[in-house]
Amino acid sequence: MAPSFNFEKLGFIGLGAMGKPMVTHLANKLPPESRIWVYDVVEQVVDDLCAEFPERIVKGANAKDVAQSDTILTMVPEGSHVRSVYLDPKIGVCSTDISNKLVIDCSTIDTATSLAVKDHIAEHFPSASFYDSPVSGGVVGAINGTIAFFLGCAEGDPNLERLTHLMGLMGKQIIPCGGPSLGLAAKLSNNYLSGVIAIACSEAFDMGMRSGLDPRTLAKVYAAGTAQNIICDKFCPVPHVYPNAPSSGGWKQGFKVQLMRKDFGLAVDMAKRVGSQNVLGEIGLATYDGAANDPRCRDLDSRVVYRYLGGQEDWQSRSNGA
C-alpha cells in the first residue's frame, strides 16, 4: 500500500509564470482539508488566486508569514531574490522558527547561493530539511502539469517519497540528482544544452530555407536523422512549422529570452568554476545577451533567437508567391 502524506499546511512563495500554475495544480489536487499560504511581490496575482480558490488559498503578508506552513516551496527569478526570501532578518523565511519543516526551492539560481541558504538553515534549524529542486518544461509544462523536477538529493534520502508525492501533483518526472546543489547543476547543464540547440536549430533552418527548402521539409529531415531533437520537434524556432510552438504564436508564451540569458550565463560561470571547457559558451552567451536586449525579442520566448539571427518569418507568403 502506498504511503499517505499529509500536506495540511503548505506555503508557496513566488507566483510568476511558472509558480502560479504550480499552485493551481496543488489547489486542485491536494486533499480538501489542505490550505496553501501564498505570497508574491505582485499583490494582484495573490488576490486573483485567493479569489479563485477562496476555501483553499490564504494570502500571506510576506515570506515570514508563509513560513508558518509545515512545507514551504519557493519559485523566484534570481539568486538575490532567494537570499531575500530566506535570509531577510525581519520578514524572511528564516526569521521565524522553521524547525522540522520541509523547505524546497524550485528557483533556477547559482549553486553558491543555494548552498549558502542550505548552510544557514542547517546551522540555525538543524531539524529542517532544505532541497534545491529546479524545474524544466517551461510555462506550457507548468500549465499542463508536465514539468520535470531535478531534486538536489540522493535516491536514499529519507524525504524522497514525500518530495516525490508532492512534486507529482505539479509535474511528471522527479529525478534525484545526488545531493545538495546537484539539482541546480543538472538544470544549468540542461539549459546550456537547450540554449545551444536552439541557436543551432535557428541557423540550420535558416541556411536550408535560404537554399530553397521548405522549413516543414527540413523539420521532417531533422526528425528522421541524427539531428532529431525536441527543439525542432515541439519548440521549433521557425513560425508555423509546429502549430503549438511558441514561435507560431509570435513567441508570446514560453521561456523568456532574458531568463535563458540568465541561465546560460549561470551555466557558463559554473563551467569555469569546475574547469569545463565550453567552446560554445561565450558565443552562445553573447547571442542571448544580444537577443535579450533587442526590443524585437525582449520578453518573448527564447527561441526568438531565430528572429535575432535574421531568420525568415514570412516564409509562408513567399512560398505562396505573394
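Predicted model: local features only at pLDDT ≥ 70, side-chain atom pairs only at ≥ 80, totals over all residues.
Biologist: At roughly what angle do the axes of helix H8 and helix H11 cross?

Modeller: Helix H8 covers residues 182–210 and helix H11 covers residues 257–274, and their axes come within 8 Å. The crossing of H8 and H11 is left-handed, and the angle between the axes is roughly 115°.

Biologist: Which residues of H11 make the contact with H8, and how many residues of the contact are nonpolar, polar and charged?

Modeller: On the H8 side the contact includes Ala 185, Leu 188, Tyr 192 and Val 196, while H11 contributes Met 260, Asp 263, Phe 264, Leu 266, Ala 267, Val 268 and Met 270. Sorted by class, the contact of H8 with H11 has 10 nonpolar, 4 polar and 2 charged residues.

Biologist: How many aromatic pairs does the structure hold, and what is the geometry of the pair of Tyr 86 and Phe 130?

Modeller: The structure holds 4 aromatic pairs. For Tyr 86 and Phe 130 the ring centres are 5.7 Å apart and the planes stand at 90°. Planes over 60 degrees apart are the criterion that matters here, so with that angle of 90° the pair is edge-to-face.

Biologist: Which elements does this pair of Tyr 86 and Phe 130 link, and are the two residues buried or exposed?

Modeller: Tyr 86 belongs to helix H4 (residues 79–87) and Phe 130 to strand E6 (residues 129–132), so that the pair links distant parts of the chain, 44 residues apart. The cut-off for burial is a relative accessible area under 20%; because Tyr 86 has 0% and Phe 130 has 6%, each counts as buried.

Biologist: What arrangement do Phe 205 and Tyr 222 adopt, and where do they lie?

Modeller: Phe 205 lies in helix H8 and Tyr 222 in helix H9 (residues 215–224), 17 residues apart, and their pair again links distant parts of the chain. Both Phe 205 and Tyr 222 are buried. With 5.1 Å from centre to centre and 80° between the planes, the arrangement is edge-to-face.

Biologist: Which residues form one aromatic cluster?

Modeller: Two members, Tyr 192 of H8 and Phe 264 of H11, also take part in the contact between those helices. The cluster is formed by Tyr 192, Phe 264 and Tyr 288.

Biologist: With which residues is Leu 182 in contact, leaving aside its neighbours within four places in sequence?

Modeller: Leu 182 has its place in helix H8 and, at 38% relative accessibility, counts as partly exposed. With those sequence neighbours left aside, its contacts are Asp 132 and Cys 177.

Biologist: What are the phi values of His 240 and Asp 299?

Modeller: Most residues other than glycine have a negative phi. His 240, in the loop between helix H10 (230–234) and H11, is partly exposed at 39% relative accessibility, and Asp 299, in the loop between helix H12 (281–292) and helix H13 (305–308), is partly exposed at 41%. Neither residue is a glycine, yet phi is positive, at about 70° for His 240 and near 75° for Asp 299.

Notes:
Residues numbered from 1 in each chain as written. Heavy atoms only, no water. Axes fitted to C-alpha atoms, helices over the stretch in contact; angles between N-to-C directions. Helix = DSSP H or I, 4+ residues; strand = E, 2+ residues; numbered from the N terminus. Left-handed = near helix turned anticlockwise from the far one by under 90°. Contact = heavy atoms within 4.5 Å. Nonpolar A, V, L, I, M, F, W, Y, C, P; charged D, E, K, R; others polar. Phe/Tyr/Trp six-rings, centres within 6.5 Å; stacked < 30°, edge-to-face > 60°. Buried < 20%, exposed > 50% of the residue type's maximum accessible area, 1.4 Å probe, protein only.
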